[in-house]
Structures are given as C-alpha cells and as structure tokens.
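Let us walk through this structure together, from the overall layout down to single side chains. Have the sequence and the 3D view at hand as you read.

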Amino acid sequence: MALFLDGTSVGSAMDTSNFAHVIFQNVGKSYLPHAALECHYTLTQFIKPHQKDWVGIFKVGWSTARDYYTFLWCPVPEDHTEGTAIHRAVVFQGYYVPNDDGEFYQFCYVTHKGEIRGASTPFLFRAQSPSEDELLTVEDECNSDILVVTTRTGYLEQKMEEAHREKEELVQTMSLLQNEKEQLEEEKGRLHKECEQEKEKFAQLRRETQVRTTPGR
C-alpha cells in the first residue's frame, strides 16, 4: 500500500522509517497537464544517493515500484557530505505527465535497489480554470432573455464553426444554382434548335406554296 507524507513535518518516530528518508517539498494540490512539472525533494541524512536512484510519478494505489507512470533519474550531488541533508529537484517535461483524468498521483523516490524511500502527498492533474478576463457573457441563441457565460476561446471557436457551416451551405447552394444554370442553358439550346427547325420547316412550306401557285406551272 502507498504511504503519504505531508512533506512538511516528520516526527521522531518517523526518522528511521524508509518512507521518511526523502521528503518532497512544496507539493501542490494540482498541476497542469502537458506542462513542465518541477519536483523538489530533500535527501535526509538517512539515505546515500546513487546515480541509479529515480523519482517517479505514481497513481495513488500503487503496490510496487514497477507501478510508476513515468520517472526521471535523480542527479547525484557532486559535493555531498554523507550524513547531511541536501535539497534536489527534477523537472518532468509536459509530454510525459498524465492527462486531466481525475485520478490522484504522487511522487515517489526509488533507490537503485527498487526500494521506495519517500512518497509525497497526492495531487491531481487538472486543466486551469479560466480567469475573469477570459470569460464572456453572451445571449442564449434560443432565448434572448437568458445570458450564458462562456470563455472567449470557446465563443470564438463556436463562431468559427458557425461560419464554417455557413460557408459549406453557401458552397452547396452555389453548386445547386450552377447545376440549375447548366440545365437552363441546355434547355435554352434545345428550344433554340427546335425554333430554328420550325423556321426551316415554315420556310420550306412557303417555298413549296409559292411554286404551286406560280402561273404556268
């Protein structure tokens, strides 16, 4: 089972506990997903750092060191005096941290032997709430008496989608009109051809009539 430490105070009874050998500092209640995440921790006098020690992000409920979500190797202090505490930090890049999935996570310090020697308080990965400057009040499209609060980004995206739909509808309408125009042009050509044929027939009948009515024939 996971053990949570508040990272701020450790009683004398915990001094020799494996989980108290590394203390995580300034752990937030939540962090932004896909953003760089700094993890600060203190190596107490009870642990000897090793180049293969690492800090991992674990989903709460982990049971072994293999249950990590992601991890980073811990930098070994160059001028570390054995038996003294030292503060260190690692930075998880945004593309390695979890998404906003509603799950709780915690930092754990794992030695090169696979021993978990420190665990932080749990935290979430949660998208940042919009600020007041990012909020916008607009009228409901179905009822002008109702005001809807949305973000400026969301409002612009909605308007862009509406403009895109209107553009598609206009393109479809233009295509239909173009088809109708072509059909009318074809009908016009057909009627013109029939008219010319009728004119030719009329002229032929007129010539034949003139021949029959001409004296001496």
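Helices (H or I, at least four residues) and strands (E, at least two) are taken as DSSP runs and numbered from the N terminus. By that rule the protein chain has one helix and eleven strands. Reading from the N terminus, the order of the elements is β-β-β-β-β-β-β-β-β-β-β-α.

A word on what you are looking at. This is a predicted model, in which local features need pLDDT of at least 70 and side-chain atom pairs count only at pLDDT 80 or more, while totals for chains, interfaces and linings use all residues. Residues are numbered from 1 along each chain as its sequence is written, and side-chain values use heavy atoms, with hydrogens and water left out.

Now for the chain as a whole. A residue is called buried when its relative accessible area is under 20%, exposed when it is over 50%, and partly exposed in between (1.4 Å probe, protein chains only). Of the 217 residues of the protein chain, 24% count as buried. The accessible surface, computed by the Shrake-Rupley method with a 1.4 Å probe, comes to about 15,600 Å², and 51% of it belongs to carbon and sulfur atoms. Taking a contact to mean heavy atoms within 4.5 Å, residues 24 or more positions apart account for 58% of the contacts with a separation of 6 or more.

Five of its seven residues are buried, so S3 is largely enclosed by the rest of the structure. Which strands pair with it? Two strands are said to pair if DSSP finds at least two bridges between them. Strand S1 (residues 22-25) pairs with S3 in the antiparallel sense over four bridges, and here isoleucine 23 has threonine 42 of S3 as its bridge partner. Strand S6 (residues 86-92) also pairs with S3 in the antiparallel sense, over seven bridges, with leucine 43 standing opposite isoleucine 86 in S6.

Most residues other than glycine have a negative phi. Asparagine 26, in the loop between S1 and S2, has a positive phi, near 50°. Histidine 34, in the loop between S2 and S3, has a positive phi too, near 60°. Asparagine 26 counts as exposed at 71% relative accessibility, and histidine 34 counts as exposed at 53%.

Next, the aromatic side chains. Rings of Phe, Tyr and Trp (its six-membered ring) pair if their centres lie within 6.5 Å; planes under 30 degrees apart count as stacked, over 60 as edge-to-face and the rest as tilted. A search of the whole structure finds 19 aromatic pairs. In one of them, the rings of tyrosine 31 and phenylalanine 125 have centres 6.4 Å apart and planes at 45°, so this pair is tilted. Tyrosine 31 belongs to strand S2 (residues 30-31) and phenylalanine 125 to strand S9 (residues 123-125), so the pair ties together parts that are 94 residues apart in sequence. Both tyrosine 31 and phenylalanine 125 are buried.

Phenylalanine 58 and tyrosine 68 form an edge-to-face pair, 6.5 Å centre to centre with 70° between the planes. Phenylalanine 58 sits in strand S4 (residues 54-59) and tyrosine 68 in strand S5 (residues 68-73), ten residues apart. Phenylalanine 58 is buried, at 0% relative accessibility, whereas tyrosine 68 is partly exposed, at 36%.

One aromatic cluster has Tyr31 and Phe125 among its members, along with others including Phe24, Tyr41 and Phe92. Another ring has a charged neighbour: the charged end of lysine 52 sits over the ring of tryptophan 73, 4.8 Å from its centre. This label requires NZ of Lys or CZ of Arg within 6 Å of the ring centre and within 35 degrees of the ring normal.

Finally, what about the cysteines? With a disulfide defined as a pair of cysteine sulfur atoms within 2.5 Å, the structure holds zero disulfides. For cysteine 74, the nearest cysteine sulfur is that of cysteine 39, 8.1 Å away. Cysteine 74 is buried, with a relative accessible area of 5%, while cysteine 195 is partly exposed, at 36% relative accessibility.
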